Amino acid sequence: GTVRAAAALAERYGADPQRARVAALLHDCAKLNGRSILEQAREEGVPVSPEDERSPGLVHAEVGEVYARRDYGVTDPAVLAAIRCHTAGRLDMTVLDKIIYLADMIEPGRAYAGVERLRQAAREEPLDDALRLGVIQNIELVREKGARLHPVTLDLLKQLQTKEAGH
């Protein structure tokens, strides 16, 4: 579902659909073996903070980047970066980064309050507007779960709001 969503968003927003498909296909590859994400992170030399210990879900993106490069032969820095930032985002996200972030949130298997609004935004609104809505929804979902919100997610939201205010 994420692959199809990413390809459609790539077409809509003028990105390379093949790159989007590869990043979407591998974005959750660290979840495939059923082992603890924190155990995998330690084995792969991915730093694990005390906050990560409490909310390990974010770390799978960083471990996934390692696996995509090493196990799946991905050498494209843009694809690797999109995999790495698909959970928390990052400042100055590329179009591909934004597409993978959004595709993961709107893929057909997702069912949460607001997902239909986000799907509509991704179909109809400028990319940064859809991303801003996605980031806001992500923040709300993380807070509802009582999970850790990565500080870069708040920084990303501020950056998107600043961009909006400047236009």
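1. The axes of helix 1 (residues 2-13) and helix 2 come within 8 Å and cross at roughly 155°. This is a predicted model, in which local features need pLDDT of at least 70, side-chain atom pairs count only at pLDDT 80 or more, and totals for chains, interfaces and linings use all residues. Residues are numbered from 1 along each chain as its sequence is written, and side-chain values use heavy atoms, with hydrogens and water left out. Helices here are DSSP runs (H or I, at least four residues), numbered from the N terminus. Axes are lines fitted to C-alpha atoms over the stretch in contact, and angles run from 0 to 180 degrees between N-to-C directions.

2. Helix 1 and helix 2 are therefore roughly antiparallel to each other; angles over 145 degrees count as such, under 35 as roughly parallel, 65 to 115 as roughly perpendicular and the rest as oblique. Helix 1 passes helix 2 in a right-handed crossing, meaning that the near helix is turned clockwise from the far one by less than a right angle. On the helix 1 side you will find Thr2, Val3, Ala6, Ala7, Ala10 and Glu11, and they meet Pro17, Ala20, Arg21, Ala24 and Leu25 in helix 2. Contact means heavy atoms within 4.5 Å.

3. Now for helix 2 itself. Its N-terminal end is capped by Asp16, which has a side-chain oxygen 2.8 Å from the backbone nitrogen of Gln18. The buried residues of helix 2 are Pro17, Ala20, Ala23, Ala24 and Leu26. Buried means under 20% relative accessible area, exposed over 50%, and partly exposed in between (1.4 Å probe, protein chains only). Helix 1, helix 5, helix 6 and helix 7 are among the elements that cover these buried residues of helix 2.

4. Helix 7 deserves a look as a partner of helix 2. The two pack at an angle of about 45°, with their axes 10 Å apart, and helix 2 and helix 7 are therefore oblique to each other. Helix 2 passes helix 7 in a right-handed crossing. Helix 2 brings Arg19, Ala20, Ala23 and Ala24 to the contact, and helix 7 brings Leu96, Ile99 and Ile100.

5. Helix 6 (residues 77-84) has Val79, Leu80, Ala82 and Ile83 as its buried residues. Seen down the axis of helix 6, they fall within an arc of 160°, so they line one face of the helix; the arc is that of the directions from the helix axis to the C-beta atoms. The cover over them includes helix 2 (17-26), helix 5 (59-70) and helix 7 (95-106). At the start of helix 6, a side-chain oxygen of Asp76 comes within 2.8 Å of the backbone nitrogen of Ala78.

6. His27 sits in the loop between helix 2 and helix 3 (37-44) and counts as buried at 5% relative accessibility. The side chain of His27 reaches the backbone oxygen of Ala24 at 2.5 Å, and a polar contact of 3.2 Å joins the side chains of His27 and Asp28. A polar contact is a pair of N or O atoms within 3.5 Å; within protein, one must be able to donate a hydrogen and the other to accept it, and residues adjacent in sequence count only if both atoms are side-chain atoms. Not counting residues up to four places away in sequence, His27 touches Thr2, His60, Ile83, His86, Ile100 and Asp104.

7. His86 lies in the loop between helix 6 and helix 7 and is buried, with a relative accessible area of 2%. The side chain of His86 reaches the backbone oxygen of Ile83 at 2.7 Å. Leaving aside neighbours within four places in sequence, His86 is in contact with His27, Asp28, His60, Ala61, Ile100, Tyr101 and Asp104.

8. Asp92, in the loop between helix 6 and helix 7, has a phi near 55°, a positive value in a residue other than glycine; Asp92 is exposed, with a relative accessible area of 57%. Gly146, in the loop between helix 9 and helix 10 (151-166), is exposed at 64% relative accessibility. Gly146 and Ser55 are 91 residues apart in sequence, yet 9.2 Å apart in space, C-alpha to C-alpha.
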